Amino acid sequence: MLKFKRHLLLVSSFMIFNFFLFFIHPFFAYAKSISTPYGVLTDLGPKVRNISVNTSRAAMDKKGNCYLYMILHGTPTVLAVLDLNTGKVKKTFPLLDSTAAWAMDIDEGGVLWIGGTNKGSIYRFDPNTFSFKNFGNQLGGSKEVAIQDITHSNQKLFATTAYGANFFSFSKAKEKRVSGLSPLEPGKKFAKSIVYDQGSNTLFISLGAKANLLKWNLSTGKKEHILPLKYQSETYIYKMRIVNQYLFARMYPSEKIAVYDMKKNRFVAEFPASSIVSHKNPFKNEVYYTYKGNFYRFDLKTLKTYRTNLSLPPFTEAISLDFVKKKNGETVLTGLVDNDGRYYELNPIRNRLVIRKPTLPAQPVNLYTMTQSLDGSKIIINGYMSGGLCIYDVDTKKEIELKPVSQLETILVTPGKMYLGAYPKARLLEYDLASKWKGYPINPRELLNLLSYGQTRITALIKKDNTLLLGTYPENSTGGGVLALYDTVSGKSTVYPNFINNQSIISLLAYKDGYIYGGTSRHANYKVSKEPARFFRFKLDNPKRVEFLPIPLNSVMISSLIEGPDGNIWGMANGTLFQYNPSTNSFKTKQILKAISGRFKNAVLVNGKNGLLYGTVEGKLFEVDPSTMKVTILLDHNAWDLAIDKNDTLYVRNLERLYSFQRK
C-alpha cells in the first residue's frame, strides 16, 4: 500500500505543484565545456537514472497478441511495449516533449492513445501495424501544462488538463484538436479523470479540489453535478471506470470506491478499495480490485464484495487491471504491481496469481534538490519523482548512486548525518554517514512522518543545537503548513499546525542572535492566502510567539534565507533579492525579475568563499556583491537550483543534466 499511495501522490505532485519545472527550455549545447562572458560552463551529464513506471494498460491487437504498455518515467519518458506471451519488452518509443505521462486509453480497434505532459502532446501506438506517432502540442495558446486523463468515443478523444481544469476533444480521423481549450468550471484547479459512456453519449469528469463529479450529456448539452455531499470533502476522484451500467469512482485521499448506477441516476454502493476496478471478468458477472494488497471481487448483480485468497507483495497494490487472453489460451487479469515495473498475472479460473519482473531500461530522470557536503568535496543531488541520490566527487569527477530513496524536497548535511525531507507524507529521514547506505527504510531511517497533519512536503529544514526544525507544504490539511521540532537526542517531536495561517513554510534560518527566521509561501492546499507571504522570527524556546518583520514587498514567496558574508540575512522575495539587518531592523532590496512561477521552489542562495553571494531564480544564475548589492547575471536561462564546492565552482541543473560553472 505504501508504494501505491506513493504512486497517487506522485501523480498529484507532478500535476499540481511542479509544473513550472517542465516547460521545455532551450537545452544547453551538450559540448563538454562552453566559454561564456563570465565563465566556463561544463556539461557533466545525467546524474540519476531510475526504472520507475508511471502507469500501464494491457490490451490485445487484432491478431490476438497481448501487450502490457508501460510508461517509463524519464527525460524524455518512454513507452515500453511488453509482450505478455514472452515477458520481454518488444520495443520502446520515446515520448518526446514529455517527462511523465498518466493519461492512457485503448480504443475499440486496440489502438493505444497517450496524453503527455509539458506541452500536452497526444501520442498513438497501433499494435496492429506496430506504428507510433506523436501528434505534438495540444495546449498551444493556453497556460495548461499537462494532459491529466483521456477517454474515447468512436470518432474522438476527450481530454482534461492541468492546471486550469480545461477540456478539449481530438479527432482520431483528422489527427488534430477539433475543439477549443475551455475551462470546465471556474475556480477548479484540475480535472483529474474522465470516462465516456457511449450508450448515453455522456462524459463523467472528476473535478478538484475539492472533489466534484460533472455529468455532461453531449447529446443535450446538459451538465449537472452528481457527487453526494459526503464525498465532496475528498480532494478529488482519482480514477473512474464504467462497467455495464455502473460508474466506479475511486476517491482520494480516502480509500473507497463509490458506485453510481447510470440507469437509476444515483449512487448505490460503496466499498473500501486502494485501486480502481478491472473491466468485467469474461467468465463471471464481477470485477476485481485490490485493498491493502489483497484481491477482492465485486459482484455486479448483488453489489457485494468478496475477498479472494490472493495477495500482492507487502505494501503494494494493483495500479492497473486489464483482462487479456494469452496465446496458450489462458485468460488473465494483469497490470502493474508497483512503480518498479513488476506486473502480476491473475488467472480467475484457477484462482492463481504470479508476479513477474521484466527487464526494463533505466531512464535518466530530471534532477531536483541539490546541495554540497560540509567540506565542499561532494555535490549531492536527488532525482525528481522516482527519487535516487547521486553523490558527485568534485576531484575525481566520479559519482555513486544511492537507492532506494524517494523524491527529496530538502537535504541538510550535518557532521556525521544527512537529513532528508522526503516526499510523499512529509517524512523526515536520517542517513547515518558512518554506516553503510542500505536504502530507505533502514539507512536512511524514518524519524518523523507528518501525513496525519495533512502535510506532504518538508520544504524547509535546519538544525539548531540538538533540534531539527521543519517547515512544510500541505496538500490535504484544512490550513497551512506546520512547524515541527524534532529532538535528535530524545527522539521526541513537537508539531505546531497551521503555524502561519493558511500559508506554507518554505525557508528557515537559525541565526546567531538566538532567533529562528522563516519565510512563507501564500500557496497551501491548492489555495492562495489573501495575505502576502510572511517574513517572521521566533525564539527557539517559544515558537508560538511569532514576530512578523515588515518586508517592503507584497510577495508570493519568501525563500532561500541565509546569513550572508556581511552578517546580515539575505533572501529572495519573488524575484527580488533582499538584505535584512537585524541590528537596525532595516531592509535593502534589488529586483532581479518582475514575475515568477511556482509555489515553493524557485530560488536558492549560497555564500562564496570569495565574499560574494551567488543565487539562482527562475533559471537565472547571478552573482551579488553584498557591499553594493550589485547583481551580475552569469547565466540567463536553464540554471536551476544551486550548489557550490570547495573551489567556489558553482553547480546548476537543467532537466536531467548537471552543469558546473567556473567563474572567470
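Buried is taken to mean under 20% relative accessible area and exposed over 50%, with partly exposed in between (1.4 Å probe, protein chains only). The structure is a predicted model, in which local features need pLDDT of at least 70 and side-chain atom pairs count only at pLDDT 80 or more, while totals for chains, interfaces and linings use all residues. Residues are numbered from 1 along each chain as its sequence is written, and side-chain values use heavy atoms, with hydrogens and water left out.

With a salt bridge defined as a side-chain nitrogen of Lys or Arg within 4 Å of a carboxyl oxygen of Asp or Glu, the count comes to 33 salt bridges. One of them is formed by arginine 657 and aspartate 43, whose closest N and O atoms are 3.0 Å apart. This pair links distant parts of the chain, since arginine 657 belongs to strand β61 (residues 657–663) and aspartate 43 to strand β2 (residues 39–46), 614 residues apart; strands are DSSP runs of E of at least two residues, numbered from the N terminus. Both arginine 657 and aspartate 43 are buried.

A further salt bridge joins the side chains of lysine 646 and aspartate 395 at 2.7 Å, N to O. Here lysine 646 is placed in the loop between β59 and β60 and aspartate 395 in the loop between β35 (389–393) and β36 (399–402), 251 residues apart. Lysine 646 counts as partly exposed because its relative accessible area is 30%, and aspartate 395 counts as partly exposed because its relative accessible area is 48%. Salt bridges that share partners also join Arg57, Asp105, Arg241 and Asp322 into one network.

Under a contact criterion of heavy atoms within 4.5 Å, aspartate 648 touches Gly608, Lys609 and Asn610, not counting residues up to four places away in sequence.

Definitions and conventions: Helices (H or I, at least four residues) and strands (E, at least two) are DSSP runs, numbered from the N terminus.
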